[in-house]
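Dear colleague,

I am handing over the structure below, and my notes on what was found in it follow directly after. Please read them with the coordinates open beside you.

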Amino acid sequence: MNKQLTEQYSPYLSFNRTEWSALSQRSSIKLDDIDLQSLQGLNERLSLSEVEEIYLPLSQLLNLYYLNAKNIHKESNQFLQMETKKVPFIIGIAGSVAVGKSTTARMIQYLISRWEVQPKVDLVTTDGFLYPNEVLESKGLMKKKGFPESYDIGKLFRFLSELKSGQSVVTAPVYSHLTYNIVSDKVQTIEEPDIVIVEGINVLQPPKYVKRKEKPFVSDFFDFSIYIDAEEMNIENWYKERFKLLRSTAFKNPKSYFNKFTKLTERDALEVANRIWKETNRMNLKKNILPTKNRADLIIEKGEGHAVTKVQVRKL
Ligand SMILES: Nc1ncnc2c1ncn2[C@@H]1O[C@H](COP(=O)(O)OP(=O)(O)O)[C@@H](O)[C@H]1O
Ligand SMILES: CC(C)(COP(=O)(O)O)[C@@H](O)C(=O)NCCC(=O)O
């Protein structure tokens, strides 16, 4: 099929970088109104031109979806003669380990908080819904961290149901990348949010590990979902670069689960990163994450240096 026909039958509208970044001019949110230092503080590698050209238009599009969702919520409740409770707009962000989900989520959180309506926007990562290491060990799943079976998906459903039923205070469990485990005595408290961003590798996955078939998809609770994608080679490099960086920073903390790797030579440490990537993260990407890409409302394709090359938006 030629390109034009493929696009005609695709459920997505496709924008190359030039087309998408031209939308930046149409955005009512301007980079001048944004505290650039705070934005850069989110991730020192973040290029501000990338924020302006790619993430400002994205934030503007999310703003349209948000305002419309608020309207339809109010009007349909009036029609159904139901009380209109404050219910948060939920954005899901999916993609491989190391593709940039947390960075993108923090950036979107920041940009949303600068909207004229100044919504209260919270960010939750699904890491917190992993089973604690003790449980993973007993189930023989330590090398399958991040695979569907390593998450307490029932707990994630309960959390999302509480949010979507308008419960004013909701708590989420917390994961520490330092100890590589759930922090049993800590929770993240979310109070009266307008928007919640739920970021994680598993957020677009089907409920295949739930015994009762009638369980919903995690994404049934989302008002908008984003999948971040890149060539596997790039993601692997980003994973290894991050591993190298952490080795010279966070891993040095004696409390770090990975502290033992600081004692290895650079070559041996990279060998470990290589093994973890191949045996766990790459396998998970191929088997469980990439197949969920076409469930997203918007797909971001990234190339070298995290530069966005293409954005696809589901046709309405
Ligand atoms: N837009 C971006 N520009 C530059 N570097 C980025 C960007 N997004 C992510 N990174 C870098 O890529 C690596 C993986 O990003 P991270 O957000 O931690 O991924 P994930 O949450 O998907 O595991 C990190 O080292 C991060 O600094
Ligand atoms: C906890 C995670 C599954 C979550 O991934 P993230 O949402 O941070 O991309 C991942 O960071 C992880 O620990 N994967 C297992 C193998 C590894 O140590 O990378």
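**The sheet and the helix packed on it**

Seven strands form an open sheet with mixed pairing, in the order β1-β9-β8-β7-β2-β6-β3. At its edges lie β1 (12–16) and β3 (121–125), each of which pairs on one side only. Neighbouring strands of this sheet are turned against each other by 20° on average, with direction ignored. Please bear in mind throughout that this is a predicted model.

Helix α4, spanning residues 48–79, packs on the sheet, where it touches β2 (89–95), β6 (195–199), β7 (224–230) and β9, and its direction makes about 140° with that of β2. Within the sheet, β8 (residues 298–302) and β9 (residues 308–314) pair in the antiparallel sense over five bridges, and I299 stands opposite Q312 of β9.

**A separate look at β4 and β5**

Strand β4 (residues 169–176) runs antiparallel to strand β5 (residues 181–191), and seven bridges join the two. T171 has T189 in β5 as its bridge partner. The hairpin that these strands make has four residues between them, and in this hairpin Y180 takes a positive phi near 60°.

**Two helix pairs**

Two packed helices are described by the angle between their axes and the distance between the axes. For α4 and α5, the angle is about 60° and the axes are 10 Å apart, and the crossing of α4 past α5 is right-handed. On the α4 side the contact is made by V51, Y55, L56, S59 and L62, and on the α5 side by M107, I108, L111 and I112. Sorted by class, this contact of α4 with α5 holds eight nonpolar residues, one polar residue and no charged residues.

For α8 and α9, the packing angle is about 135°, with the axes again 10 Å apart. How are α8 and α9 oriented to each other? Angles under 35 degrees count as roughly parallel, over 145 as roughly antiparallel and 65 to 115 as roughly perpendicular, with the rest oblique, and α8 and α9 are therefore oblique to each other. Their crossing is right-handed. In the contact, E236, Y239, K240, F243 and R247 of α8 meet A269, L270, A273, W277, N281 and R282 of α9. By class, the contact of α8 with α9 comprises six nonpolar, one polar and four charged residues.

**The two ligands**

Which residues are the closest to ligand 1? Of the 15 residues that surround ligand 1, the closest are G100, K101, S102, T103 and H306. Both α5 (101–113) and α8 (232–247) supply at least two residues of this shell, and the largest share, three residues, comes from α5. The shell around ligand 1 divides into five nonpolar, six polar and four charged residues.

Ligand 2 is surrounded by V97, K101, T125, D127, K145, G146, G200, I201, I276, T280 and N281. Helix α9 (residues 266–289) gives the largest share of the shell around ligand 2, namely three residues. By class, the shell around ligand 2 has three nonpolar, five polar and three charged residues.

With best regards

Methods:
Residues are numbered from 1 along each chain as its sequence is written. Chains are lettered from A and ligands numbered from 1 in the order in which they are written. This is a predicted model: local features need pLDDT of at least 70, side-chain atom pairs count only at pLDDT 80 or more; totals for chains, interfaces and linings use all residues. A residue is near a molecule or strand if its C-beta atom, placed from the backbone, lies within 6 Å of it. Ala, Val, Leu, Ile, Met, Phe, Trp, Tyr, Cys and Pro count as nonpolar, Asp, Glu, Lys and Arg as charged, and the others, Gly among them, as polar. Two strands pair if DSSP finds at least two bridges between them. Axes are lines fitted to C-alpha atoms, for helices over the stretch in contact, and angles run from 0 to 180 degrees between N-to-C directions. Two residues are in contact if their C-beta atoms, placed from the backbone, lie within 7 Å. A crossing is left-handed if the near helix is turned anticlockwise from the far one by less than a right angle, and right-handed if clockwise.
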